[in-house]
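Good morning, and thank you for joining this meeting. Please look at the structure on the screen while I guide you through a few of its features.

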Amino acid sequence: MSIYHYTVRRLFYAIPILIGVTLVIFILFNVVAGDPTLTLLGRYATLQQMAELRHELGLDKPLLLQYLDTLRSTFTLQFGRSWSTNQPISQMIQVGAYASLTLSVPAFVLASLLSIAMALLAAFFRDTLLDRSLVVISVIMMSVSVLAYILFGQWVFAYKLGWFEIAGYEYGFPYFIPYIILPAMIWIVLSIGPDVRFYRTIILDEVHQDYVRTARAKGLANRTILFKHVLKNAMIPIITNLVTQIPSLILGALLIESFFGIPGLGNITLQAINNSDFPVIKAMTILSSMLYIIFNVITDILYTLVDPRIKLN
Amino acid sequence: MKNLSRFGALALIILAVWLYARSVRVPQGQNEKVLVTTSEVQIKGFDPAQIDDLYSSREATRVYEGLLTYHYLKRPHELVPNLAVSLPTVSEDGCVYTFTLREGVKFHDNACFPSGQGRELTAEDFVYAIKRVADPKVRSSWFSVVAGKIKGLDAWRDKYTDTAHTDYSEAVEGLKALDRYSLQFTLTQPWPQFLYILAMNFCCVVPQEAVQYYGEEFLNHPVGTGPFTMEAFNPQLNKLVYHKNPTFRDKRFPSEASEGYQHLLADAGKKLPLVDKIITHILPEEQPRWLKFQQGAIDIADIASDNIALEVIKGNTIVPQLQEKGVQLCLEQAPMTSFFAINNDCEPFKNNAKLRQALSLAFDGQRYNELFFNGSAVSAQSIIPPGLSGYQRDYVNPYKQYDLAKAKQQLAAAGYPEGKGLPVITLDVRANTKQKQEGEFFKKCMEGIGVKIRVVPNIFPELLKKMSQRKTMMHAISWGADYPDAENFLQLFYKSHQSMSAGLNFNDAAYNALYERATNMQPSEERTILYEQLNRMLAECAPVVYSIHQAHPVLYHGWVKNYLWSNYCGGLEQYINIDLDQKKALQARF
């Protein structure tokens with residue numbers, strides 16, 4: 001099966017997933033969430049004004065019709081405007097994605113490189129003090145809450161030592177750089193713990209394979225074995241882990257963005273929830289589902305490139 | 001050796017990136033006076049007809065202005081003309097108000113004007129702005145404030161409720177531009193609060209050109225006559241930047257001040273605004289806001305809703321560590337009352353004043369004040385906060401005294417001895433730590449008389465929804481004034497079963513009649529007596545459990561001059577000055 005056919009088929013499978021996602025979000029919004037008209041109209045709202053606004057927003061239509069509207073916007077990708085800011089949602093996503101990506105891309109790249117390097121090191125020196133130390137450090141890093149890292153980082157490194165900006169963000173290169181270093185470092189610390197342990201396990205599995213023994217018997221250097229053979233064969237789970245993280249890079253990190261005042265997509269989502277801004281909540285949920293679907297397809301395709309034994313059908 | 005040099009190179013790269021990052025700064029003019037403030041909440045936009053929250057209003061009044069404002073340095077607050085030349089002439093029957101506008105006032109330069117240059121403000125602009133509030137397509141909730149008050153405005157609105165287009169050229173009897181600079185309002189009946197209403201943000205003037213040019217996104221493109229301009233507002237950016245309006249009229253710093261505020265007259269007579277630029281950072285979290293303030297990166301920190309206020313303010317002064325850094329405290333009484341609201345239309349509270357009185361008597365207000373406000377708040381004996389006529393410093397509400405024995409008596413008289421037979425009462429609060437703690441405190445107080453409370457946290461829209469659907473039994477809420485008249489608070493109980501307001505669903509014929517009489521009177525001793533009488537009626541009915549009137553603490557650095565907080569006065573930042581030399585000297589201490 002060609003990549004084209006495979007992609008089309010997988011995207012076709014995505015339709016029921018998207019219908020399910022929209023149904024869940026629609027039910028949650030209509031059953032659990034607050035009344036958006038109150039948030040939008042403010043404290044002097046009269047019951048009549050609320051009814052008028054409900055009518056204007058289509059919230060007084062039968063639920064089935066409302067859900068069909070939601071489905072229509074999902075499949076046409078026309079999310080309209082935000083109820084609270086009146087901005088086109090596509091524009092909001094564009095602006096938010098820029099801020100999120102300026103933080104997440106460097107953090108992700110560095111975290112991935114460091115994790116793989118540390119995992120290789122741990123595997124290479126397995127059962128030594130270095131290996132155990134790396135594992136213990138990883139577990140400690142995983143165990144500490146993200147909030148603790150943020151509060152500690154802001155207090156010690158930004159406020160006391162003055163090495164970084166405490167919070168804030170400036171649009172445009174290079175002005176955002178001072179504002180992303182500390183949050184990016186926290187992102188890296190948060191990612192390294194679980195990633196090192198995961199990659200180490202994968203690499204150790206490979207290290208015990210016959211072909212490694214053969215390579216050693218042939219007299220190949222350890223570094224060559226690790227980088228040329230072991231790493232290549234361990235790539236499938238590594239790719240899976242890396243590619244499935246990409247949607248979350250675009251979607252932002254709620255807590256980090258909120259504490260550092262970074263106007264990314266995480267921040268937009270949080271505001272939308274607080275304001276009962278359903279079109280934005282809907283757009284963000286659908287966007288995240290789509291991204292996960294797309295990147296899962298990309299992962300599958302990458303498997304075939306890394307390992308020719310894997311066929312798309 | 002090779003590995004070592006690789007690590008060395010990597011360390012050098014990291015060091016270089018870090019040093020570069022530290023050197024990167026957004027260009028800023030030398031000796032530019034920049035005032036840096038923060039907001040803990042996202043700004044919803046800049047359309048005066050649509051914004052209703054405190055934070056957005058504060059930002060909007062830097063750009064927009066109205067006919068009237070409040071004197072910056074006088075307390076109690078005093079109305080003064082802003083875009084009007086003077087206070088209006090009022091007809092004998094109290095129904096016709098005629099204003100003369102200042103000549104030569106210009107809107108900000110903006111692409112919405114044909115030449116890009118702001119045109120002169122005229123009386124027609126005010127007619128347009130008020131009509132906009134009434135336009136059903138604008139969906140301004142502020143219309144309910146003026147509904148039925150201006151002759152012909154309701155009929156004009158009704159005419160366009162179901163039409164695709166609203167005709168602004170159609171005349172409204174009570175809203176006329178007599179000539180280029182004369183504006184006349186004709187009311188349906190005397191309305192003593194009318195001038196206060198005109199000083200509110202929703203009555204600020206907006207140019208029709210900007211509304212038409214920017215359409216649905218007008219709220220993100222502020223074009224006013226105010227002291228500061230803003231090119232465009234993007235709600236996604238967590239930073240707002242304002243520049244001094246180069247075409248701002250000749251407005252001067254006041255030369256008079258009430259007693260106690262004379263020290264703020266150093267810049268008397270100087271042309272406003274006094275700073276070149278304002279930057280507002282949106283920082284929802286308390287820690288970064290507080291750290292940035294301590295670092296000197298933020299000039300003013302409004303800590304009214306922050307937990308840090310408990311740590312840094314002791315006995316109405318700030319702790320010595322901050323004093324050493326030259327930090328100043330502005331502690332003004334907020335026109336605000338916090339209370340535990342009761343849904344008076346739901347069982348078991350309906351027609352059971354004794355039960356409501358029992359809850360009020362069982363609430364330990366003093367302990368609450370000590371725990372949550374370091375004892376700095378004023379115990380609320382009535383709905384009217386200090387500073388407004390009708391507030392009595394020595395008034396003692398007979399049901400607002402912590403008296404468990406009396407509370408138990410009232411509970412028994414209500415038909416629930418020791419709480420037996422009383423269902424569990426839900427108390428809805430906002431889902432933040434402080435409100436949850438306050439709810440738990442209330443629960444603990446009520447346990448003292450055998451009343452069981454269940455605290456229910458909600459996100460704010462959810463709480464509003466429950467209130468509007470009358471699904472709460474009790475809920476914690478604060479009410480702040482929009483103008484300095486106790487009517488703003490007393491209206492919460494006036495036929496509140498018919499409106500959303502504070503979700504009290506209270507309806508008492510005697511109260512309604514007295515309220516109507518009092519609020520139709522001009523400010524006078526007689527009206528104050530009626531306000532006090534209304535307070536006493538409410539004390540007997542106990543439709544809420546009053547908690548406190550809170551002071552509003554704001555910290556600012558020593559280099560910030562002339563700062564005075566006000567709940568009503570918009571565009572405060574035009575009066576603020578920055579002493580750049582002192583800033584350098586004080587920052588050296590950090």
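Before we begin, one definition: helices and strands are runs assigned by DSSP, a helix having at least four residues and a strand at least two, and they are numbered from the N terminus. Please also keep in mind that this is a predicted model.

Let us begin with confidence. For the complex, the predictor reports an ipTM of 0.83 and a pTM of 0.86. Chain A has an average pLDDT of 86, and 97% of its residues score at least 70. For chain B the average is 91, and 97% of the residues score at least 70. Where in chain A is confidence lowest, and where is it highest? The lowest mean, 74, belongs to helix α2 (residues 36-41) of chain A, whereas helix α7 (residues 146-160) of chain A has the highest, at 94.

I turn now to chain A as a whole. How many helices and how many strands does chain A have? There are 14 helices and zero strands. Along the principal axes, the C-alpha atoms of chain A fill a box of roughly 85 × 60 × 35 Å. Of the 313 residues in chain A, 51% are buried. Consider next the contacts in chain A with a separation of 6 or more: residues 24 or more positions apart account for 73% of them.

Chain B gives us strands to examine. One open sheet in chain B has four strands in the order β4-β5-β7-β6, with antiparallel pairing. Which strands form the edges of this sheet? They are β4 (89-90) and β6 (175-179) of chain B, each of which pairs on one side only. Strand β4 of chain B is joined to β5 (residues 96-100) of chain B by two bridges, and the two run antiparallel. Within that pairing, B:Val90 has B:Tyr97 in β5 as its bridge partner.

Next, please find strand β15 (residues 336-342) of chain B. Is this strand mostly covered or mostly uncovered? Strand β15 of chain B is mostly covered, with six of its seven residues buried. It pairs with strand β19 (residues 474-480) of chain B in the antiparallel sense, over seven bridges. There, B:Ser338 stands opposite B:Ser478 of β19. Strand β15 of chain B is also joined to β20 (residues 544-546) of chain B, by three antiparallel bridges. In this case B:Phe339 has B:Tyr546 in β20 as its bridge partner.

Let us move to a loop residue. B:Arg249 is located in the loop between β9 (239-244) and β10 (277-282) of chain B. Why does B:Arg249 count as buried? The cut-off for a buried residue is under 20% relative accessible area. B:Arg249 counts as buried because its relative accessibility is 12%. Leaving aside residues up to four places away in sequence, B:Arg249 touches several others, among them B:Glu65, B:Asn82, B:Arg102 and B:Lys271.

Finally, some backbone details. Most residues other than glycine have a negative phi, and most peptide bonds are trans. Against that background, the peptide bond from A:Phe173 to A:Pro174 is cis, with omega near 0°. A:Pro174 lies in the loop between α7 and α8 (177-207) of chain A. In chain B, a cis peptide bond joins B:Glu347 and B:Pro348, with omega about 5°. B:Pro348 belongs to the loop between β15 and α11 (353-362) of chain B.

Two residues of chain B also deserve mention for phi. B:Arg139, which is not a glycine, has a positive phi near 60°. This residue is found in the loop between α3 (123-134) and α4 (143-146) of chain B. B:Asn505, likewise not a glycine, has a positive phi of about 50°, and its place is in the loop between α16 (487-490) and α17 (509-519) of chain B. Is each of these two residues buried or partly exposed? B:Arg139 is partly exposed, with a relative accessible area of 24%, whereas B:Asn505 counts as buried, at 5% relative accessibility.

Thank you for your attention.

Terms used. Residues are numbered from 1 along each chain as its sequence is written. Chains are lettered from A and ligands numbered from 1 in the order in which they are written. This is a predicted model: local features need pLDDT of at least 70, side-chain atom pairs count only at pLDDT 80 or more; totals for chains, interfaces and linings use all residues. Side-chain values use heavy atoms; hydrogens and water are left out. Buried means under 20% relative accessible area, exposed over 50%, partly exposed in between (1.4 Å probe, protein chains only). Contact means heavy atoms within 4.5 Å. pLDDT is the predictor's confidence in each residue, from 0 to 100. Two strands pair if DSSP finds at least two bridges between them.
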